[in-house]
Amino acid sequence: MSLYNGILNLTNWAGNVIMPTLGALCFAFAVIQFARGYHHLYSNWAYGGLLCLMVSGLLRAFERFTGQLGYNNPDLVWNALLQVVDWFANVILPVYAGMHVAMGALKFGGLLDVRSHHAQLDHTRHFLGAILCLMISGLLRLAEFFVSKGVGGVS
Amino acid sequence: MAPPQLVSDFIRLLLLLATPAAVICLVLAGLSLRQSGGPTMVIGGNFSKWMFWAIVFITLPGLLSWFPSFGVPASIPGGGIGTGWMANLQSDLTNFVQNFVVSRLATSLAAFYVLRAILETVEGGHPLPSIITAMFLLAVQTTFTLLRSYNSGGQYATTDVLDSLWNYAAGTICPIAAGLAIVGAVWNFATRRPIMPLVGATLGLLTVSAIWKLVTKMM
């Protein structure tokens with residue numbers, strides 16, 4: 001019996017046994033919230049269910065982010081943050097853009113019943129959101145351009 | 001002039017009792033792990049105080065070897081205890097700590113901490129600290145063996161053990177704790193609680209050595 005074995009087995013048990021089981025519960029809650037029309041809640045439970053099934057994958061992703069340089073390289077912290085930002089902006093956001101294009105198309109076609117006071121603008125928001133997701137690097141470069149142009153100050 | 005037999009035996013007795021004292025310190029460190037408070041109390045709280053004393057007891061001969069350099073002659077008497085009742089006292093106390101404290105008392109206390117984890121969940125608290133405490137109490141003997149394996153036996157034995165312990169925590173325990181932090185982050189996301197502290201903790205736990213190097217580079 002050692003502390004190392006205890007914590008290792010606790011982590012494995014929590015990540016690979018308990019979380020997938022709770023993932024099923026999250027999906028069940030998502031279905032209930034969807035059926036009751038709580039649109040702001042069901043997506044959270046659905047994403048939560050997906051994440052519960054991906055605990056090991058997420059840990060491997062974080063290990064990948066923090067494993068690009070040597071373990072005792074002082075730049076590793078900055079590099080790990082850079083990897084996270086890069087992954088989020090260039091991998092997750094394009095996928096998210098695709099989802100919003102699909103959502104916008106569905107709402108534009110009137111397939112989803114949205115009864116909010118700004119329903120007419122909903123599909124536009126989805127399309128605009130998709131465009132912004134796809135040009136996040138360009139937006140950053142634009143902001144950098146504006147800031148670099150202003151380093152001389154106001155004359 | 002050679003010291004009297006009784007004094008030499010008393011010194012031997014105290015040195016031999018350093019091992020059971022270290023084990024008791026480890027048990028007290030385990031108990032402090034839950035009583036001190038949150039995770040930050042692991043460093044700087046009662047837990048680290050008892051861990052430090054356990055290491056001091058394990059590396060006592062190495063520390064005593066500093067005294068000649070201070071001009072104080074402190075030759076450690078070798079061999080076993082010659083006085084019968086002292087030898088019996090040492091043997092009885094060692095047996096008591098090994099068979100009563102470590103094998104039975106620490107196990108029972110660990111079981112109570114598992115129960116406490118459940119009760120804390122009932123109260124809306126977090127069960128993890130009590131579970132970790134129970135694991136630490138169950139692993140007292142292994143932790144003692146681990147600490148003794150880090151003992152270099154020289155003048156710097158205490159700091160060598162502390163260095164090795166830091167390496168063990170940073171290189172072995174922290175990456176596993178990152179897995180637990182991911183589990184916590186996912187659950188917090190599903191239940192609409194803040195996730196960024198746990199995401200930051202995951203990154204931090206996976207880059208402990210790099211953060212240490214970064215701090216030393218900044219100096």
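This is a predicted model: local features need pLDDT of at least 70, side-chain atom pairs count only at pLDDT 80 or more; totals for chains, interfaces and linings use all residues.
User: Is A:Ala46 buried, exposed or partly exposed?

Analyst: Count the C-beta atoms around it. A residue is buried with 20 or more others within 10 Å, and exposed with 12 or fewer. A:Ala46 has 18 C-beta neighbours inside 10 Å, so it counts as partly exposed. For a distance, take A:Arg36. A:Ala46 and A:Arg36 are 10 residues apart in sequence, and their C-alpha atoms are 15 Å apart in space.

User: How do I check the length of helix 2 of chain A?

Analyst: Compare the expected span with the distance between the ends. Helix 2 of chain A covers residues 39–53, which is 15 residues. At 1.5 Å a residue, these should span 21 Å. The end C-alpha atoms are 22 Å apart, which agrees.

User: Which residues of that helix are buried?

Analyst: In helix 2 of chain A, the buried residues are A:Trp45, A:Gly48, A:Gly49, A:Leu51 and A:Cys52. They cover an arc of only 165° around the axis, which puts them on the same side of the helix. On the other side of helix 2 of chain A, A:His39 and A:His40 are exposed.

User: What do the buried residues of helix 2 of chain A pack against?

Analyst: Look for contacts in both chains. From chain A come helix 1 (3–35) and helix 3 (55–65). From chain B comes helix 8 (157–190).

User: How many residues does each chain give to the contact between chains A and B?

Analyst: Count each side separately. Chain B gives 30 residues and chain A gives 31. On the chain B side, the elements giving two or more residues are helix 6 (128–138), helix 7 (140–149), helix 8, helix 9 (196–206) and helix 10 (208–218). Helix 8 of chain B gives the most, with 12 residues. By type, the side of chain B that touches chain A has 20 nonpolar, 7 polar and 3 charged residues.

User: How is the size of an interface often given?

Analyst: It is often given as the accessible area lost when the parts come together.

User: Which residues have the most contacts inside the largest nonpolar core?

Analyst: The largest nonpolar core here has 62 residues. Those with the most contacts inside it are B:Ala54, B:Met135, B:Leu137, B:Ile182 and B:Val186. Helix 8 of chain B gives the most to this core, with 12 residues.

User: What does B:Ala54 touch?

Analyst: Skip residues up to four places away in sequence. B:Ala54 then touches B:Ala22, B:Cys25, B:Leu26, B:Ala29 and B:Leu147.

User: Where does helix 2 of chain B run, and what covers its buried residues?

Analyst: Helix 2 of chain B takes in residues 18–35. Its 18 residues should span 26 Å, and the end C-alpha atoms are 25 Å apart, which agrees.

User: Is B:Val208 buried or exposed?

Analyst: B:Val208 is buried, because 21 other C-beta atoms lie within 10 Å. B:Val208 is found in helix 10 of chain B. Beyond its neighbours within four places in sequence, B:Val208 is in contact with B:Ala170 and B:Cys174. B:Gly124 is 84 residues from B:Val208 along the chain, and their C-alpha atoms are separated by 31 Å.

User: How do I describe each chain as a whole?

Analyst: Begin with the elements, then the dimensions, then burial. Chain A has 6 helices and 0 strands. Its C-alpha atoms fill a box of roughly 60 × 55 × 20 Å along the principal axes. Of its 155 residues, 17% count as buried. Its radius of gyration is 21 Å, while a compact globule of 155 residues would have one near 15 Å.

Chain B has 10 helices and 0 strands. Its C-alpha trace spans about 75 × 45 × 20 Å along the principal axes. Buried residues make up 31% of its 219 residues.

Technical notes. Residues are numbered from 1 along each chain as its sequence is written. Chains are lettered from A and ligands numbered from 1 in the order in which they are written. Helices (H or I, at least four residues) and strands (E, at least two) are DSSP runs, numbered from the N terminus. The radius of gyration is taken over C-alpha atoms; the globule rule is 2.2 Å times the number of residues to the power 0.38. The expected span of a helix is 1.5 Å times one less than its number of residues. The arc is that of the directions from the helix axis to the C-beta atoms. Two residues are in contact if their C-beta atoms, placed from the backbone, lie within 7 Å. Ala, Val, Leu, Ile, Met, Phe, Trp, Tyr, Cys and Pro count as nonpolar, Asp, Glu, Lys and Arg as charged, and the others, Gly among them, as polar. A nonpolar core is a set of buried Ala, Val, Leu, Ile, Met, Phe, Trp, Tyr and Cys residues joined through C-beta atoms within 7 Å.
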